[in-house]
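Me: I would like to learn how to read the pockets of a protein and the surroundings of its ligand. Could you take me through one case slowly?

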Amino acid sequence: MDFSAVSGVEIKMLGNDQLPAVYISNDFCEAIIALQGAQILRFDLKKKNKLVPLLWLSELNQFQSKKAIRGGIPLCFPWFGAHTDQVDYPAHGFARNLTWRLCEITEHGQGHTVILELKDSELTRQYWDYAFCLHMKIECGETLNLEFTLENLDTQPLSFNFAWHSYFPAQIHTAQVHGFEQTLFINQLNSNQTEIQQDEIIQFTQEIDRIYPNTSGCFHLVDEEDFPIFIQTNAPSAVVWNPWIAKAQRLTDVQNDAWQDFVCIECGDLNQEKYKLKAGEICQYRMQIGLTHQQS
Ligand code: BG6
């Protein structure tokens, strides 16, 4: 189907590798979704004839085929971080590096809905030998609504981890993240020790890399000048990450001073429980991102 015939939709190619992306424009927002990784690259709300960006995207992206794009909302699946046994397997799983199938784009009173699909293939089976089907439903309207559905098509139960690795624009020295007080976290910068967060608010004064296996699913990012962003999810886990100076310099796709411009608040299922999904079963995670004070 020719999806560019849908009103408010254009299909454009990114970078030298010509990665296809869906460009959306409607009364509420402008958005860009790359088919590689079903990755939302941009989501800007239209407020008082101004565009307010809710996601951060690195200016150094080359948009290379099978290479993770830095910024927006990359999807980590079926593992998070480095693979536990295989050092040469891609970090954060393979789902963000592969091209998903564009199944549907619809325009309606609340904006646009895009549905993408990734199924097991010869390539995915090299890393993870299971039959599965993933769907990402992306609603671009007054808020950004995501729904991730995993269907186990195998005869074996699945063990997996999953996260929406969202990059939010922030001024790092004034940004505050709310919603993690008294929550247990695994400190990835301290030999994965578990700690309880005592502070009501997270503020950024150094590198931070924390996995919160079980959370309330309701977070706010507050900055001095900008509208507060809310994140609401039924996914149990979250990660808060900022690379700070030294690590950012090692990231070739982030400008040296750009670590000051974003924070990652990632929502997903990072519980270490094995066999989360039985053969034939389906699980679904949802996340909503928007501005706390809606102004038109
Ligand atoms: C975070 C991890 O989610 O992603 C960090 O907690 C990691 O440890 C970061 O450095 C970035 O990962 P990548 O693979 O996108 O560079």
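Reply: Let us begin with a definition: Ala, Val, Leu, Ile, Met, Phe, Trp, Tyr, Cys and Pro count as nonpolar, Asp, Glu, Lys and Arg as charged, and the others, Gly among them, as polar. In this predicted model, the lining of the second largest pocket divides into 11 nonpolar, 1 polar and 4 charged residues.

Me: Where does the lining of the second largest pocket come from, and how much space lies in that pocket?

Reply: Rolling a probe the size of a water molecule over the atoms shows where empty space is left. Here the second largest pocket holds about 280 Å³ of space, and V52, P53, P169, D226 and F227 are the lining residues that lie nearest its centre. Strand β5 gives the largest share of this lining, 4 residues.

Me: Which pocket does the ligand sit in?

Reply: The ligand sits in the largest pocket, where about 1,300 Å³ of space lies and where 46 residues form the lining, with W79, F80, G81, A82 and H83 nearest the centre. Among the elements that give two or more residues to this lining are β20 (237-242) and α2 (244-250).

How values were computed:
Residues numbered from 1 in each chain as written. Predicted model: local features only at pLDDT ≥ 70, side-chain atom pairs only at ≥ 80, totals over all residues. Heavy atoms only, no water. 1 Å grid on protein atoms, 1.4 Å probe; cavity = no way out; pocket = protein on both sides within 12 Å on 5 of 7 lines; lining within 4 Å. Sits in = over half its atoms within 2 Å of the grid points. Points joined across faces, edges and corners; volume = space filled by probe spheres on them.
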